[in-house]
Amino acid sequence: MKKAVVIYQSKTGITKKFAEAIGAYAAEKGIDVQTLSIAEYTSGIAEKADYVFLGCWTSGFLLFFLQHPDGPWKQFAAGLPALSGKVALFTTYKVATGSMFNSMRKHLRMDASKPVVELRSRNGSISEEHKVALDAFLK
Ligand SMILES: Cc1cc2nc3c(=O)[nH]c(=O)nc-3n(C[C@H](O)[C@H](O)[C@H](O)COP(=O)(O)O)c2cc1C
């Protein structure tokens, strides 16, 4: 059985909701899923998973530009080993994700030339579009 881990940072619960929805969808597809916050994460979990979802709420300046993950998420990302190839990123936001995904990739030291699955949601729900992206990722 393939394993997925969904790791999130959430302040008010919307990114947690999105993480749980992503996890529930992966579980429906027969994948063994663990969903946890960055505070609950212990080292080694990501390495053992076949799929790693990393998510954080969008933080930026005046909601329009210079978006980046929150400080604790950046620290968490710095402690992860290279995981390229099995990582999908997700975020929740109010206005626009702007530079959020680029910033997440930078903090994860991911190869900028390689495409990565990026899932964004305003309300933490997963859409049909997210499901299509997840179906392709969870092959
Ligand atoms: C300090 C702060 C900065 C934010 N900056 C942005 C932003 O630049 N763009 C945006 O679309 N939303 C921004 N938001 C909104 C949050 O990203 C959004 O409400 C998110 O869904 C919260 O996730 P959570 O409930 O998991 O904490 C900001 C919120 C806060 C508190």
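## The loop that holds I126

I126 is found in the loop that runs between β7 (117-121) and α5 (128-137). The model described here is a predicted one. With 19 other C-beta atoms within 10 Å, I126 counts as partly exposed, because burial requires 20 or more such atoms.

Leaving aside residues up to four places away in sequence, I126 touches A21, I22, Y25, S121 and K131. Between the C-alpha atoms of I126 and V5 there is a separation of 17 Å, and these two residues are 121 residues apart along the chain.

## The nonpolar core

The largest nonpolar core has 32 residues. Those with the most contacts inside this core are A4, V6, I7, I22, V52, F53 and F90. At least two residues of the core are supplied by each of β1 (3-9), α1, β3 (51-57), α3 (71-78), β6 (87-92) and α4 (100-107). In soluble globular proteins, nonpolar side chains tend to be buried together.

## Helix α3

W73, F76 and A77 are the buried residues of α3. They lie on the same side of α3, because they cover an arc of only 100 degrees around the axis. An α-helix has 3.6 residues a turn, so residues three or four places apart point the same way.

The buried residues of α3 pack against β1, β3 and α4. On the face turned away from this buried side, α3 carries the exposed residues G71, Q75 and A78.

## Helix α4

In α4, the residues M100, S103 and M104 are buried. These residues cover an arc of only 100 degrees around the axis, and they therefore lie on the same side of α4. The elements that cover the buried residues of α4 include β3, β5 (65-68) and β6.

Just after α4 comes R109, which takes a positive phi of about 60 degrees.

## The surroundings of the ligand

There are 18 residues around the ligand, and S10, K11, T15, W57 and G60 come nearest. By class, this shell has six nonpolar, nine polar and three charged residues.

Both α1 (14-28) and β4 (59-61) supply at least two residues of the shell.

Technical notes
Residues numbered from 1 in each chain as written. Predicted model: local features only at pLDDT ≥ 70, side-chain atom pairs only at ≥ 80, totals over all residues. Near = placed C-beta within 6 Å. Helix = DSSP H or I, 4+ residues; strand = E, 2+ residues; numbered from the N terminus. Nonpolar A, V, L, I, M, F, W, Y, C, P; charged D, E, K, R; others polar. Buried ≥ 20, exposed ≤ 12 C-beta atoms within 10 Å, placed from the backbone. Contact = placed C-beta atoms within 7 Å. Core = buried A, V, L, I, M, F, W, Y, C linked by C-beta atoms within 7 Å. Arc of directions from axis to C-beta.
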